[in-house]
Amino acid sequence: KDSVLSAEMKRFVSGRISSNGHFLAFLSASGKIRRLILLDLITDTESILATSVCENKPSYIEKLSFAFSPDSKSIFIAYKGHIHRINVESGKNQIIPFTANVHVDMARLNYHTFPVSQDVFRVRYTRSANASPGGKHLVFSALDKIYMMDLPNSEPHVLAAQPINQFQPVFSPDGRW
């Protein structure tokens with residue numbers, strides 16, 4: 001059956017079809033809102049089963065997993081520190097109690113403190129060095145910034161002062177930018 005899907009389906013991240021083929025459950029991502037949506041493939045109706053399933057780390061939604069029960073009557077999903085059983089017909093969300101006695105052998109925690117000077121210092125590790133096509137300039141990444149220098153012996157300088165980290169510089173094939 002052709003289905004007219006809402007705007008939620010346009011924000012589809014990952015989904016599962018129930019074993020009886022009656023439902024499609026999927027995660028929807030829009031801005032900071034992460035929802036578990038249920039689409040009834042027979043009646044073409046849609047309902048929100050859970051909102052804010054991934055608040056703290058929105059990028060985790062791609063890793064968030066859920067599954068239908070074998071009888072297709074419930075969905076199991078873990079979020080906000082609990083395992084949830086959500087009834088697909090009523091939408092009732094039941095937290096499944098879970099405890100685990102765990103014994104972990106751990107070594108003594110090792111803390112190191114290093115004095116950090118605000119003075120000039122010598123960088124000993126650079127990444128992604130690339131020479132310009134004519135061989136007159138070198139760009140590289142160090143300390144989360146992109147530096148450029150004239151070859152063979154000039155001092156490197158920050159290419160663009162930006163508040164964000166900068167990585168993997170490369171020259172255009174003609175060397176102009």
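The model is predicted, so local features need pLDDT of at least 70 and side-chain atom pairs count only at pLDDT 80 or more, while totals for chains, interfaces and linings use all residues. Residues are numbered from 1 along each chain as its sequence is written, and side-chain values use heavy atoms, with hydrogens and water left out.

**Nonpolar core**

- The largest nonpolar core has 16 residues, of which Leu36, Leu38, Ile75 and Ile77 touch the most other members; such a core is a set of buried (under 20% relative accessible area, 1.4 Å probe, protein chains only) Ala, Val, Leu, Ile, Met, Phe, Trp, Tyr and Cys residues joined through side-chain atoms within 4.5 Å.
- At least two residues of this core come from each of strand E2 (23-30), strand E3 (33-40), strand E4 (45-51), strand E5 (66-68) and strand E6 (74-79), strands being DSSP runs (E, at least two residues) numbered from the N terminus.
- Leaving aside residues up to four places away in sequence, Ile77 touches several residues, among them Leu27, Leu36, Phe66 and Ile86, where contact means heavy atoms within 4.5 Å.

**Largest pocket**

- The lining of the largest pocket is made up of Phe121, Arg122, Val123, Thr126, Phe140, Ala142, Leu143, Tyr147 and Pro156.

**Salt bridge**

- The structure holds one salt bridge, defined as a side-chain nitrogen of Lys or Arg within 4 Å of a carboxyl oxygen of Asp or Glu.
- Asp174 and Arg176 form this bridge, with their closest N and O atoms 3.4 Å apart.

How values were computed:
On a 1 Å grid over the protein atoms alone, a cavity is a set of points where a 1.4 Å probe fits but cannot get out, and a pocket is an open set with protein on both sides within 12 Å along at least five of seven lines; lining residues have an atom within 4 Å of a point. Buried means under 20% relative accessible area, exposed over 50%, partly exposed in between (1.4 Å probe, protein chains only). Helices (H or I, at least four residues) and strands (E, at least two) are DSSP runs, numbered from the N terminus.
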